[in-house]
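The sequence and the model are shown first.

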Amino acid sequence: VKSYDVDIMPLQRAVGLSASENTQAQAGLLEVKLDSGAVLRSKSVIIATGARWKNLNVPGEEHYKNKGVAYCTHCDGPLFKGKHVAVIGGGNSGVEAAIDLAGVVGHVTVLQFDPELKADAVLQRKLRSLQNVTILTNAQTTEITGDGTRVNGLTYTDRVSGDSHHLPLEGVFIQIGLVPNSDFLKGTLDLSKYGEIEINHHNATSLPGVFAAGDVTTIPYKQIIIAMGEGSNAALGAFDYLIRQ
C-alpha cells in the first residue's frame with residue numbers, strides 16, 4: 001500500500017457514517033466521522049473492518065491468550081500436536097474445529113453449555129465417530145487455569161448437578177462465534193441479525209456509494225483468502241459506481 005499514493009491515517013477510529021447534506025457543495029458526499037472529531041468526505045467508501053472472536057469473559061482467558069488460549073484452529077492447531085486440548089462451543093464452528101483438531105492433537109474435549117450440541121447432524125455424526133474425542137454437555141466453563149505462563153486446564157460446572165470439575169489441558173480453543181466490527185453503522189445501513197453488513201454481488205451496501213468487504217459482511221466463510229478477493233470485488237464495485245455518477 002505504501003508504494004502507492006495512498007494517505008494512511010494511523011490510530012484513527014471511525015465512529016459514524018452518513019450522507020452529507022450540509023451545503024450544496026458537499027451534497028452527495030459521504031461523511032466518515034472519526035472519534036478524534038475529524039470528518040472525512042468522499043464520493044465512495046469501502047468498509048473492511050473485519051470481525052473479532054467472541055470472548056468467554058472468564059478468569060484466565062485474557063491472561064493466557066496466545067499462551068494456550070486460542071481462537072483459530074487452522075492457525076494454532078499444529079502447535080498442539082499430540083496434546084490434550086478443549087474446544088468450547090458446540091455449534092457448527094466448534095464441532096468443525098474439534099473434528100479438525102482430532103486429526104492433529106492427542107485428545108479433544110468439547111464443552112457445550114446447552115443440553116445438546118447445536119451443530120448440523122452430519123457434523124455431529126462425524127465428531128462422535130472419532131475415538132479421541134469426549135463431549136461434555138451442560139458444561140459451563142468458569143475459569144481457564146495455568147501456571148502463570150501457560151494453560152494447564154480449565155474448570156467447568158455441571159449445570160445439572162451443580163458440581164465443579166477441573167480438566168487438565170494444554171490448550172483451550174474458544175469457538176463461540178464472531179462479532180463483526182459494525183457497531184458504528186447501526187441505523188445507517190442494512191445489517192443482518194448477527195450485525196454483518198448486507199451486500200450484493202457488487203459488494204454494495206444499502207447506502208449508495210458505500211461498499212463492504214471481508215469478515216464484517218454476510219459472506220459465509222471467514223477466511224483471509226476470501227476476504228482478499230472480496231476486497232478486490234468491493235474496489236471494482238466502487239470504481240464502477242464512480243464512473244457512472
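The text below goes from the whole chain to its cores and then to one helix pair.

**Overall make-up**

The model is predicted. The protein chain holds 4 helices and 15 strands. Its C-alpha atoms fill a box of roughly 65 × 40 × 35 Å along the principal axes. Of its 245 residues, 39% count as buried. Where contacts join residues at least 6 apart in sequence, 51% of them link residues at least 24 apart.

**Nonpolar cores**

The largest nonpolar core has 19 residues, and V108 and L127 have the most contacts inside it. Four elements each supply at least two residues of this core: β7, α2, β8 and α3. Their residue ranges are tabulated here.

| Element | Residues |
|---|---|
| β7 | 84-88 |
| α2 | 92-102 |
| β8 | 107-111 |
| α3 | 121-128 |

The largest share comes from α2, with 6 residues. Leaving aside neighbours within four places in sequence, V108 is in contact with V85, V87, A98, L101, A102, N132, V133 and T134. Apart from this core lies another one, of 17 residues, including V58, Y64, L111 and V172.

**Helix α2 and its surroundings**

The buried residues of α2 are G94, V95, A97, A98, I99, L101 and A102. An α-helix has 3.6 residues a turn, so residues three or four places apart point the same way. The elements against which the buried residues of α2 pack are α1 (73-76), β7, β8, α3, β9 (133-136) and β13 (171-174).

**The α2 and α3 pair**

Two packed helices are described by the angle between their axes and the distance between the axes. How do the axes of α2 and α3 cross, and within what distance do they come? They come within 10 Å and cross at roughly 30 degrees. Angles under 35 degrees count as roughly parallel, and therefore α2 is described as roughly parallel to α3. The crossing of the two helices is left-handed.

On the α2 side, the residues that meet α3 are N92, V95, E96, A98 and I99. On the α3 side, L123, Q124, K126 and L127 take part. By type, the residues of this contact divide into 5 nonpolar, 2 polar and 2 charged. V95, A98 and I99 of α2 are buried and also meet α3. L127 of α3 belongs to this contact and is one of the two residues named as having the most contacts inside the largest nonpolar core.

Terms used: Residues numbered from 1 in each chain as written. Predicted model: local features only at pLDDT ≥ 70, side-chain atom pairs only at ≥ 80, totals over all residues. Heavy atoms only, no water. Core = buried A, V, L, I, M, F, W, Y, C linked by side-chain atoms within 4.5 Å. Buried < 20%, exposed > 50% of the residue type's maximum accessible area, 1.4 Å probe, protein only. Contact = heavy atoms within 4.5 Å. Axes fitted to C-alpha atoms, helices over the stretch in contact; angles between N-to-C directions. Parallel < 35°, antiparallel > 145°, perpendicular 65-115°, else oblique. Left-handed = near helix turned anticlockwise from the far one by under 90°. Nonpolar A, V, L, I, M, F, W, Y, C, P; charged D, E, K, R; others polar.
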